[in-house]
Each structure stands twice: as structure tokens, then as C-alpha cells.
Amino acid sequence: MSRKLLTYLGNLINDVERLLPFIFRQGGPPPALSLAAQPSYWTVNCDRSQHRPYSFKDLLGDGFLWAVPKHRRTIEKRLKRKFGFPEYSWKLLRVKTHLRTCNHCGHDYEAGLLCTNCYQKVREETKLMQEKIQEELGLEPIEKDVIVLYEGERKEQPAEFLNGKRIVEMPKLRPMWFTKNLLQKTTQQPATTKEVKPNDLA
């Protein structure tokens, strides 16, 4: 079917190209009863058209046979694709069975995802930490490890742990949900003990 259609379109283009000189009077013979010795306007155009033939394909370009939609979808079809059809598949009233209730805040969330209400607290705390680090250390390259400590935690850390590291202190107490093991490295090379990191989970 497509091959016949292409053959039909090719023949149609060839027929139109043969009719163009007679329609626009380009390349045809000079008008009758013309006895002027100077070359006429039609002859000059005929000579020019011989060097650069006029083609109907120049008007159409490469987009004549592109697979583009010929009609716009109606609003009814768009709504059916979005919400479904009541007799077959009604997407709007489909019951969600993968909702869970957060044990900490009580908000609902989808299974396999984080609770948005609890994660909002993490985002706010992370933003405060980033602002504090930028305020004290600036935008200079950091060659050493950066440790974030809250109020009253610097005295609990041994001197060997703080040696050679940059300390950033937050002017408030550590939140209850923000445990210390979140900023602890999971592996250390070389390992000298059989202790599994992170620890202090309680």
C-alpha cells in the first residue's frame, strides 16, 4: 500500500512540474506577433531556467512525507487517555493499596518511598549545616575532613579524633532523630578491629 502511494505521489509531482512552465509562462515560446530584435523577457528567463531548473520539490522540501499528525486530538480523546473510560478502565477512581502510615509523625506515604513530612526536617537541618559550613570555611577547597558537632559534643570527642580535621559547631543541641552514626564512615582502611560500622545505633 505504501509503495503504491509513493509511486502515485511521484507521478503527481512529475505532472505538476511539467505544468509549471505553462502556468507561470517560464521557459515557453515568446508571445505571438512579436517582431522585436531584443531578447524578450521570457527568453531571458528561459535561458536562466536551463541552468537552474525549477522544481516543485523545492517548495515542499523534505517534510512532505514526514510522519506527522494530520489532526489534533479532541478534548474528549485527551480526557479519556488521561482518566480512562468508565466502562473499561476508570483511572480516576482506582484505589491505592500501597499507602503506609509513618510511625513517627502519622502522615501517609507511598510504600518504597520516604515520608515527606519526616524528610522535610532532614532537608531543613541539612540546609542549616550547609550554611554554617559555608559561613566558617567559605568557598575555599577543603583538603581535610569536615566534622559537624552540635553544642556540648566537642568535649566528648578525644583529641586524636579531632586532630587534623576541620570542626564546624552548630549553636544548638542535636535533634533526637539525628543520630551520630549518620556522619560516620562505613569502612576504614586498614581495619584494626572487628567492630562493624556504623555503631551507636541506640
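How accessible is E169, and is this residue buried or exposed, or does E169 count as partly exposed? At 34% relative accessibility, E169 falls in the partly exposed class, where buried means under 20% relative accessible area, exposed over 50%, and partly exposed in between (1.4 Å probe, protein chains only). The model you are looking at is predicted, so local features need pLDDT of at least 70 and side-chain atom pairs count only at pLDDT 80 or more, while totals for chains, interfaces and linings use all residues. Residues are numbered from 1 along each chain as its sequence is written, and side-chain values use heavy atoms, with hydrogens and water left out.

**Overall layout**

The protein chain has 6 helices and 6 strands; helices (H or I, at least four residues) and strands (E, at least two) are DSSP runs numbered from the N terminus. Read from the N terminus on, the order of elements is α-α-α-α-β-β-β-β-α-β-α-β. Of the 202 residues in the chain, 14% are buried.

**Salt bridges**

Side chains of opposite charge can pair when their charged atoms come close. Here a salt bridge is a side-chain nitrogen of Lys or Arg within 4 Å of a carboxyl oxygen of Asp or Glu, and a search of the whole structure finds 4 of them.

| Pair | N to O distance |
|---|---|
| E125 and K172 | 2.9 Å |
| R174 and E153 | 2.6 Å |

Let's take the E125 and K172 bridge. E125 sits in helix α5 (residues 116-137) and K172 in the segment after β6 (166-169), so this pair ties together parts that are 47 residues apart in sequence. E125 is buried, with a relative accessible area of 6%, whereas K172 is partly exposed at 29%.

In the R174 and E153 bridge, distant parts of the chain are linked: R174 is in the segment after β6 and E153 in the loop between β5 (146-149) and α6 (159-162), 21 residues apart. Both R174 and E153 are buried.

E169 belongs to strand β6 and R154 to the loop between β5 and α6, 15 residues apart. R154 is partly exposed, with a relative accessible area of 42%.

**Cysteines**

A search of the whole structure finds 0 disulfides, with a disulfide taken as a pair of cysteine sulfur atoms within 2.5 Å. For C115, the nearest cysteine sulfur is that of C105, 3.5 Å away; for C118, the nearest is that of C102, also 3.5 Å away. C115 is buried, with a relative accessible area of 8%, and C118 is buried at 18%.

**Surface patches**

Patches are made of residues with over 30% relative accessible area and no salt bridge, joining like charges within 9 Å and nonpolar side chains (Val, Leu, Ile, Met, Phe, Trp, Tyr) within 5 Å. Accessible areas come from the Shrake-Rupley method with a 1.4 Å probe, and for residues only the protein chains shown count as cover.

L5, Y8 and L12 make a nonpolar patch of about 320 Å². Y8 lies in helix α1 (residues 2-24) and is exposed, at 53% relative accessibility.

A positive patch is formed by R73, K77, K80, R81, K91 and R94. One of its members, R81, lies in helix α4 (residues 75-83) and is exposed, with a relative accessible area of 56%.

How values were computed:
Lys and Arg count as positive and Asp and Glu as negative; His and the chain ends are not counted. The place of a charge is taken as NZ of Lys, CZ of Arg, CG of Asp or CD of Glu.
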